[in-house]
Amino acid sequence: MLARRLLTFVASAWTLVALFNATQWRLIDLSYGKDQPWTQYLAPAFMANALWALLTLAIIGLALKLPPKGPHRARNLALHALLGSTVAVTHSLIYVALLSLTSGKSLEDATALLAQKLATTFQINLLIYVVVAGGVFGYQALSDLRRRELEQARLETQLAQTSAAALKAQLQPHFLFNALNAISALIRSNPLEAERMLARLGDLLRLSLDGAAPQERSLAEELAFVDAYLAVEQYRLGSRLTVRTDLAAGVEAARLPTLILQPLVENAVRHGVAPSRRACTLQIRAALADQHLDLSVEDDGVGAATVVEGVGLGNARQRLSHLYGDQACLTVTSRPGQGFTVRLTAPQPCAS
């Protein structure tokens, strides 16, 4: 469909140019008192512009294969300068050959006409190449811009959905009921602890409702959200949950998708620690290696024979793919009685 539309556009455009050229040439002759039939102007005009229509398709193909960006930008621009000159000469050469064959010109006349054409139209032919190739480059740039805008809009929508899902996860009836029940049990026996737990629950709600969250934020900010979540879970699960963090120096400033760590931790708590009747440890490790953040969430809970990705892990994998492509990775492993291990790697911006 797109190829047919392109062919139609190219043919229509050069047909209009041919009619314009024929009209212009006849008006020029009339100004000098020459009144010749239209066929004297239409035939060469359509011949020249039909040739340009074919060359236009070739130029479009060359422009698509040799974009003026990326690591080969200088080489591609140099090739376009050479190809533009070649196309300019080729058009004049073929046009003069066809015109000579149809009008019966001698070789000497044809050679003189070719020299005249090269001297008078080389710059125009080269400019046509530049305009066509530039149009392709502009169309590609506009398409890339629109694609990036759509991708950004989709990521923003996904972030909003992730934030809403995170809030929903924290406000599940059983979670909220258990948290409030634990707080009420502490009010008389340990009011200070109850106040602290209520404050952490308030922190969790406040961070969940942050509507201005960007697509990326620092690991330190992600950990602040996770700390609020784990504080409530530790109050609820008591000695059954121990949390440890192992962070390499300077890793807190690493960037990663907003609200991506919490579902990984929640997966460990809900499916690894909470079902276990023994004390379990949840460990968060993070380090930088080869310009990548290496982050893992591990627990030694009940584990599972097979890993089934729910909304949280699936959403995390999709967001990593959208933001970083194949430069990011998310792996989940588990064995019965040995807990879950989720490992995330994300590229980091080069230090300026």
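Colleague: What makes Cys 329 count as buried, partly exposed or exposed?

Modeller: Its relative accessible area is 40%. Buried means under 20%, exposed means over 50%, and partly exposed is in between, with a 1.4 Å probe and protein chains only. Cys 329 is therefore partly exposed. Before we go on, this is a predicted model, where local features need pLDDT of at least 70, side-chain atom pairs count only at pLDDT 80 or more, and totals for chains, interfaces and linings use all residues. Residues are numbered from 1 along each chain as its sequence is written, and side-chain values use heavy atoms, leaving out hydrogens and water.

Colleague: And why does Cys 280 get the label it has?

Modeller: Cys 280 has a relative accessibility of 1%, so it counts as buried.

Colleague: How many disulfides are there?

Modeller: A disulfide is a covalent bond between the sulfur atoms of two cysteines. The test asks for a pair of cysteine sulfur atoms within 2.5 Å, and the count by this rule is 0.

Colleague: What can you tell me about helix 8 and its span?

Modeller: Helices are DSSP runs of H or I with at least four residues, strands are runs of E with at least two, and both are numbered from the N terminus. Helix 8 covers residues 261–273, which is 13 residues.

Colleague: Why is helix 8 described as largely enclosed by the rest of the structure?

Modeller: Because 11 of its 13 residues are buried. Among them are Leu 261, Pro 263, Asn 267 and Val 273.

Colleague: What makes Arg 270 and Glu 266 a salt bridge?

Modeller: Side chains of opposite charge can pair when their charged atoms come close. The rule wants a side-chain nitrogen of Lys or Arg within 4 Å of a carboxyl oxygen of Asp or Glu, and this pair has an N to O distance of 3.2 Å. Both residues lie in helix 8, 4 residues apart, about one turn of the helix. Arg 270 is partly exposed because its relative accessibility is 38%, while Glu 266 is buried because its value is 10%.

Colleague: Which parts of the chain does the pair of Arg 285 and Glu 298 link?

Modeller: The closest N and O atoms of Arg 285 and Glu 298 are 2.6 Å apart, and the two form a salt bridge. This pair links distant parts of the chain, with Arg 285 in strand 4 and Glu 298 in strand 5 (residues 292–299), 13 residues apart. Arg 285 is at 30% relative accessibility, so it counts as partly exposed, and Glu 298, at 25%, is therefore partly exposed.

Colleague: How many salt bridges does a search of the whole structure find?

Modeller: The search finds 7. One links Arg 217 with Glu 222, whose closest N and O atoms are 2.7 Å apart, and both of these residues are buried. Lys 69, Asp 144 and Arg 147 are linked in a network.

How values were computed: The expected span of a helix is 1.5 Å times one less than its number of residues.
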